[in-house]
Amino acid sequence: MTQRHDLSAQVLPRRGQSIPPEFFRAIAESTVDWESWQSANGQVVWVNQAVERFTGYTPKECLAMDDYPLPMIAPEDRERMGRHLEEASKGSAGNNVEFKVLHRDQSTSWVAVSWQPMTDREGNSLGFRASFRDVTERRQMREQLREQNAELEHLVQMRTAKIAELEKHRLKMEKLAALGELAAGVAHEINNPLAGIRNAFALLKRHLPSNVKHYDKLDLIDGEIERIRGITHQMFQLYRPSQQKAVVFNVRRCLEELMSLALPMSRKFKVKVELECEDLPATKELGVDEVLLREGELKQILLNLVHNAIQASSPDQEVQLVVTATDDALVLRVVDRGCGIANDVIDSIFDPFFSTKTTTVGQGMGLGLSVTRGLIEAMRGSIDVSSEPNEGTEFCVQLPRCLKTEPEEH
């Protein structure tokens, strides 16, 4: 064990008064920080009582260590701190160098050490003094701040991406609005001359004898004129505000009429359409099975969905129209077991002019679902779709049972 040096004997008296050496030792021993004195050759000379609180080792045990304080430093920091001790023995100074202390019980904590060289009155080296301060809480706060900064940066990135996505969506909506306005304008301009063509064609057909060459093509021409009229009508609906008013009607009667309208296509494709409608409870404002909605548009919505389901089905398959309700909402589900919708296009099926029927001539221009969603949203409802390729598709429409206030028209 290295012999201790008593520095208090070298203390100069102040104002003619002598200060007892015990006074300085008491100050050193009672400090909160872990203090130590090492000679110029690196041997420990003195350690205060605070070392035991930091490391679990007593000052006596520390003085007995040949390589103090390395056994009390975490293995990952020993080599680095060993270099600092060598520099301190050569007269260097250091401040707030952080490392992990290894406690006797193998737990660790963070400390910061500062050291300064020590000399006697003649300037001869007496080694260096080191002061160790517990910075575990500061390190924890620093780590928390780092994590919070990382979380904040991640949040900023997410918000930035969301803003970019919203901006992209806004531009898309502006383009769709412009396209809808253009389509409505074109449809309006086409409808009038188209009506004239159809009327003139009807007059010609009425006065032509059936034995005229190619008379059988007249029905084909009439059908194609009707298809053009249907397309221009749908284009007009993309932008035109609804002209219908909400009225009270019996939804069960409406659904039965819808089934009659779907019957011709059902027979053509040999697909059965089944209706399941539970009783709608009466409310303060509505009777049993009654709703306050736009009846004509509700029929158009369901007819579009049922027709799509029939066309997606194979012969002898079944399409289900399931209707349920609460006091406040009307829920309509159209379910088929047909070809389904591919995952890579399901998000686009409500876009204008998008169609999965491109392989079949004459089955539409991809406006049906766009118009359907527009009619639903105009009645403050929503439409969702779920589908599995080769297993089927389900469209779920939710509407308020009572559309009390008409949205403003612009």
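**A look inside the cores**

A: Happy to. Of the 410 residues of the protein, 35% count as buried. Please keep in mind that this is a predicted model. The protein has nine helices and twelve strands, and of the contacts with a separation of 6 or more, 61% are between residues 24 or more positions apart.

Let's start with the main core. The largest nonpolar core has 45 residues, and those with the most contacts inside it are Leu255, Leu293, Leu298, Leu305, Leu330, Leu332 and Leu399. Several elements give two or more residues to this core, among them the helices H7 (251–269), H8 (295–312) and H9 (368–378). Helix H8 gives the most, with eight residues. As a general point, nonpolar side chains tend to be buried together in soluble globular proteins.

Leaving aside neighbours within four places in sequence, Leu332 is in contact with Leu298 and Leu302, with Val322 and Val323, and with Phe395, Cys396, Val397 and Leu399.

There is also a second, separate core of 24 residues, which includes Val51, Cys62, Val101 and Phe128. Two of these names come up again around Thr55, a residue of helix H2 (residues 50–55). Is Thr55 buried or exposed? Thr55 has a relative accessible area of 0%, and because buried means under 20%, it counts as buried. Its side chain reaches the backbone oxygen of Val51 at 2.8 Å. Not counting residues up to four places away in sequence, Thr55 touches Trp34, Met72, Val101, Leu102, His103 and Arg104.

Pro69 lies in the loop between helix H3 (59–63) and helix H4 (75–89).

Lys270 sits in the loop between H7 and S7 and has a positive phi of about 60° although it is not a glycine. Asp316, in the loop between H8 and S9, also has a positive phi, near 75°, and is likewise a residue other than glycine. For context, most residues other than glycine have a negative phi, and most peptide bonds are trans. Are these two residues buried or exposed? Lys270 counts as exposed because its relative accessibility is 58% and the cut-off is over 50%. Asp316, at 72% relative accessibility, counts as exposed too.

Finally, the outside. The protein exposes about 25,000 Å², and carbon and sulfur atoms supply 53% of that area. Leu182, Val186, Ile190 and Ile228 form a nonpolar patch on the surface, with about 320 Å² of accessible area together. Helix H5 (residues 136–207) gives the most to the patch, with three residues. Ile190 is found in helix H5, and with a relative accessible area of 34% it is partly exposed.

Key. Residues numbered from 1 in each chain as written. Predicted model: local features only at pLDDT ≥ 70, side-chain atom pairs only at ≥ 80, totals over all residues. Heavy atoms only, no water. Helix = DSSP H or I, 4+ residues; strand = E, 2+ residues; numbered from the N terminus. Buried < 20%, exposed > 50% of the residue type's maximum accessible area, 1.4 Å probe, protein only. Polar contact = N/O pair within 3.5 Å; in protein donor to acceptor, adjacent residues only side chain to side chain. Contact = heavy atoms within 4.5 Å. Patch = residues over 30% accessible without salt bridge, like charges linked within 9 Å, V, L, I, M, F, W, Y side chains within 5 Å. Areas by Shrake-Rupley, 256 points an atom, 1.4 Å probe, with all protein chains shown as cover. Salt bridge = Lys/Arg side-chain N within 4 Å of Asp/Glu carboxyl O. Core = buried A, V, L, I, M, F, W, Y, C linked by side-chain atoms within 4.5 Å.
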